[in-house]
Amino acid sequence: MTTLELAFDIVVVAVLVVLAWRTLDAPGIFQAAVLFITFGLTMALAWARLAAPDLALAEAAVGAGLTGVLLVHVARVLEAAEEATAEDDSGAR
Amino acid sequence: MGALGALLGRAAFELREGSAGLAASVDAQMGAGGVAHPVTAVLLDFRSYDTWLELVVLLLAAIGALHGRFQAAPPAGLARDPLLASLLVALVPVMLLAAGYLLHAGAQGPGGAFQAGAVLGAALVLLHLGGRPALSAMPAALVRALLVLGAACFAIAGAAGLVLEGALLQYPAGYAGAAILTLEAAATASIAVALAALVIGQADR
């Protein structure tokens, strides 16, 4: 493994760890969902570096594509519901 | 936490360059596999029982998430987005082509049923988000039939293998490639509809 490949792998691993931490620590659900999509794409890159192209394709399509879309949609619905409840509360006072 | 991470790291370093696993056994049996790509051969021939059960799990997930009924309406807010509409015109045909290519290329290289099904499911979800009723325009009976198609085809193949060859899911000699392609096509349709229904079926809540 050349130095350039090793450096690239270390960068990918560091990005994965940082993204995972930021996803769990995200200020809002929507930000967490977007970070999850980014994490899925970086994970697909990691699979490609591990010489597993089938896994990389599946991770990109399902993890980032479908699960990501589902999470973003749910985040939007939840935030809209929270805003509706907040308006009801402030209207009642 | 640090001690656990150090232990895992130590274990991972000792795993590296250790063994090739079952790669040698798979390569030895590739002649009877029917396809040229070892991953597809393992998924669809040597361990097709596991793939069958994965399709059943997907079917159960779709049933559980949809509570047994499928109904959805296009979200009105996003239907008026002109950017998404024009993006659809460009993207969806390419995605259909990519799904077909992935299904066909699974025999020679990376690809196969799950990748093609995921891309097709994503195309259906994209159509739905753009205001074009793709999955919700199909009659519910057709959606249910497509959901069941993958697991059902594997069941038929398994029964045929049991009757013709004496072992569950045993493909007749020489027909392995054709059987794999048929099963992959059914699985692709099933996976696409299941994944799309999991996302779209929630959309009206």
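## Burial and make-up of chain B

Buried residues account for 38% of the 205 residues in chain B. This is a predicted model. Chain B holds nine helices and zero strands. Read from the N terminus, its elements run α-α-α-α-α-α-α-α-α.

## Helices H8 and H9 of chain B

Helix H8 of chain B covers residues 140-165, and helix H9 of chain B covers residues 176-200. The two pack at an angle of about 150°, and their axes are 8 Å apart. The angle is over 145 degrees, so H8(B) is roughly antiparallel to H9(B). Their crossing is left-handed.

Which residues of H8(B) meet H9(B)? The H8(B) side consists of Val143(B), Leu146(B), Leu147(B), Leu149(B), Gly150(B), Ala151(B), Cys153(B), Phe154(B) and Ala157(B). Facing them in H9(B) are Ala179(B), Leu183(B), Ala186(B), Ala187(B), Ala189(B), Ser190(B), Ile191(B), Val193(B), Ala194(B) and Ala197(B). By class, this contact has 17 nonpolar residues, two polar ones and no charged residues.

## Helices H7 and H9 of chain B

H9(B) also packs with helix H7 of chain B, residues 113-129. Here the angle is about 40°, with the axes 7 Å apart. The crossing of H7(B) and H9(B) is right-handed.

H7(B) brings Ala113(B), Phe114(B), Ala116(B), Gly117(B), Ala118(B), Leu120(B), Gly121(B), Leu124(B), Val125(B) and His128(B) to the contact. H9(B) brings Glu184(B), Ala187(B), Thr188(B), Ile191(B), Ala192(B), Leu195(B), Ala196(B), Val199(B) and Ile200(B). The classes here are 14 nonpolar, four polar and one charged. Ala187(B) and Ile191(B) meet residues of H7(B); Ala187(B) and Ile191(B) also meet residues of H8(B).

## Two sites in chain B

Asp45(B) lies in helix H3 of chain B, residues 38-46. Is Asp45(B) buried or exposed? It has 23 C-beta neighbours inside 10 Å, so it counts as buried. The cut-off for burial is 20 or more. Asp45(B) and Val35(B) sit 10 residues apart in sequence, and their C-alpha atoms are 9.1 Å apart in space.

Ala6(B) belongs to helix H1 of chain B, residues 2-15. Ala6(B) is exposed, because 10 other C-beta atoms lie within 10 Å and exposure means 12 or fewer. Between the C-alpha atoms of Ala6(B) and Ser136(B) there are 51 Å. Along the chain, Ala6(B) and Ser136(B) are 130 residues apart.

## Form of chain A

Chain A has three helices and zero strands. Its order from the N terminus is α-α-α. The radius of gyration of chain A is 18 Å, well over the 12 Å that the globule rule gives for 93 residues, so chain A is more spread out than a compact globule.

Along the principal axes, the C-alpha atoms of chain A fill a box of roughly 65 × 25 × 10 Å. Of the 93 residues, 19% count as buried. Among contacts in chain A with a separation of 6 or more, 50% come from residues 24 or more positions apart.

## Two sites in chain A

Ala51(A) sits in the loop between helix H2 (29-49) and helix H3 (53-92) of chain A. Its phi is near 60°, a positive value in a residue other than glycine. Most residues other than glycine have a negative phi. Ala51(A) has 8 C-beta neighbours inside 10 Å and therefore counts as exposed.

Val17(A) lies in helix H1 of chain A, residues 3-24. With 10 C-beta neighbours inside 10 Å, Val17(A) counts as exposed. Val17(A) and Ala46(A) are 29 residues apart in sequence. Their C-alpha atoms are 12 Å apart in space.

## Where the chains meet

How many residues of each chain are in contact with the other? On chain A there are 11, and on chain B there are 14. The chain A side that touches chain B divides into eight nonpolar residues, two polar and one charged.

Definitions and conventions. Residues are numbered from 1 along each chain as its sequence is written. Chains are lettered from A and ligands numbered from 1 in the order in which they are written. This is a predicted model: local features need pLDDT of at least 70, side-chain atom pairs count only at pLDDT 80 or more; totals for chains, interfaces and linings use all residues. Two residues are in contact if their C-beta atoms, placed from the backbone, lie within 7 Å. Ala, Val, Leu, Ile, Met, Phe, Trp, Tyr, Cys and Pro count as nonpolar, Asp, Glu, Lys and Arg as charged, and the others, Gly among them, as polar. Helices (H or I, at least four residues) and strands (E, at least two) are DSSP runs, numbered from the N terminus. The radius of gyration is taken over C-alpha atoms; the globule rule is 2.2 Å times the number of residues to the power 0.38. Axes are lines fitted to C-alpha atoms, for helices over the stretch in contact, and angles run from 0 to 180 degrees between N-to-C directions. Angles under 35 degrees count as roughly parallel, over 145 as roughly antiparallel, 65 to 115 as roughly perpendicular and the rest as oblique. A crossing is left-handed if the near helix is turned anticlockwise from the far one by less than a right angle, and right-handed if clockwise.
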